[in-house]
Amino acid sequence: MSRDIQLKERWEAVVEKLSNQFADGDQLDLDAIIYLVGVQELGQPHRSFKKDEKLDLMHIAICRLLEPYGYYEFEYIDEQGWPHYKVKEALPNLKAGEQSVLMKEAIVEYFYTNEYID
């Protein structure tokens with residue numbers, strides 16, 4: 001099976017499973033899934049977040065998702081329990097479509113590695 005087809009199938013599996021679990025079947029978009037990864041990584045799923053905290057959650061998710069690609073490295077968890085990362089390598093200049101593919105690939109790998117999907 002080609003890598004693109006496998007990525008597409010796994011992406012669809014992630015979207016379907018998360019949408020059913022968190023959005024009553026309404027299809028979640030890429031940003032919503034990144035947000036959910038951030039909440040998962042923070043480990044505080046049952047609290048409400050302010051707007052700026054939601055942006056911070058998305059930043060945490062992006063750092064965590066791109067860590068295996070060598071772009072970020074985990075540094076520490078602060079006194080409020082928030083993880084912090086440092087930039088190891090600048091992200092390449094990607095077109096919007098290429099950014100989307102990179103993030104989808106990273107999300108699929110995250111959920112596959114954590115055995116959320118097969």
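Where does Tyr 76 lie? I found Tyr 76 in strand β1, residues 72–77. Before going on, I noted that this is a predicted model, where local features need pLDDT of at least 70, side-chain atom pairs count only at pLDDT 80 or more, and totals for chains, interfaces and linings use all residues. Residues are numbered from 1 along each chain as its sequence is written, and side-chain values use heavy atoms, with hydrogens and water left out. Helices (H or I, at least four residues) and strands (E, at least two) are DSSP runs, numbered from the N terminus.

I checked the accessibility of Tyr 76 and got 41%, so Tyr 76 counts as partly exposed. My cut-offs were these: buried means under 20% relative accessible area, exposed over 50%, and partly exposed in between (1.4 Å probe, protein chains only). Setting aside neighbours within four places in sequence, I have Tyr 76 in contact with Trp 82, Pro 83 and His 84. Contact here means heavy atoms within 4.5 Å. I also looked up Lys 86, which is 10 residues from Tyr 76 along the chain; their C-alpha atoms are separated by 9.5 Å.

Then I moved to Tyr 85, which is found in strand β2. Is Tyr 85 buried or exposed? Its relative accessibility is 15%, so Tyr 85 counts as buried. Not counting residues up to four places away in sequence, I listed Glu 41, Ile 60, Cys 63, Arg 64, Glu 67, Tyr 72, Glu 73, Phe 74 and Glu 75 as touching Tyr 85. I followed up on Cys 63: it sits 22 residues from Tyr 85 along the chain, yet the two C-alpha atoms are separated by 6.6 Å.

**Entry: helix α2**

I counted 13 residues in α2 (residues 30–42), which at 1.5 Å a residue should span 18 Å; the end C-alpha atoms are 19 Å apart, and that agrees. The expected span is 1.5 Å times one less than the number of residues. Which residues of α2 are buried? I wrote down Ile 33, Ile 34, Leu 36, Val 37, Gly 38, Val 39 and Leu 42. I remembered that an α-helix has 3.6 residues a turn, so residues three or four places apart point the same way. Among the elements covering the buried residues of α2 are α1, α3 (51–66), β2 (83–87) and α4. Gly 43 follows α2, and its phi is positive, near 80 degrees.

**Entry: α1 against α2**

I looked at the axes of α1 and α2 next: they come within 11 Å and cross at roughly 70 degrees. Axes are lines fitted to C-alpha atoms, for helices over the stretch in contact, and angles run from 0 to 180 degrees between N-to-C directions. The two helices are therefore roughly perpendicular to each other. Angles of 65 to 115 degrees count as roughly perpendicular, under 35 as roughly parallel, over 145 as roughly antiparallel and the rest as oblique. From α1, I have Trp 11, Val 15, Leu 18 and Phe 22 in this contact, and from α2, Leu 30, Ile 33 and Leu 36.

**Entry: helix α4 and its partners**

For α4 I counted 18 residues, which at 1.5 Å a residue should span 26 Å; the end C-alpha atoms are 26 Å apart, so the two agree. Its buried residues are Leu 102, Met 103, Glu 105, Ala 106, Ile 107, Val 108, Tyr 110 and Phe 111. What do they pack against? I found α1, α2 and α3.

I took α1 (residues 3–22) with α4 (residues 96–113): they pack at an angle of about 70 degrees, with axes 9 Å apart. That makes α1 roughly perpendicular to α4.

With α2, the angle to α4 is about 40 degrees and the axes are 11 Å apart. These two helices are therefore oblique to each other. I noted that Leu 30, Ile 33, Ile 34, Val 37, Gln 40 and Glu 41 in α2 meet Ser 100, Met 103, Lys 104, Ile 107, Tyr 110 and Phe 111 in α4.

**Entry: past the end of α4**

My last stop was Glu 115, in the segment after α4. I noted its phi near 60 degrees, a positive value in a residue other than glycine. Glu 115 is exposed, because its relative accessible area is 70%.
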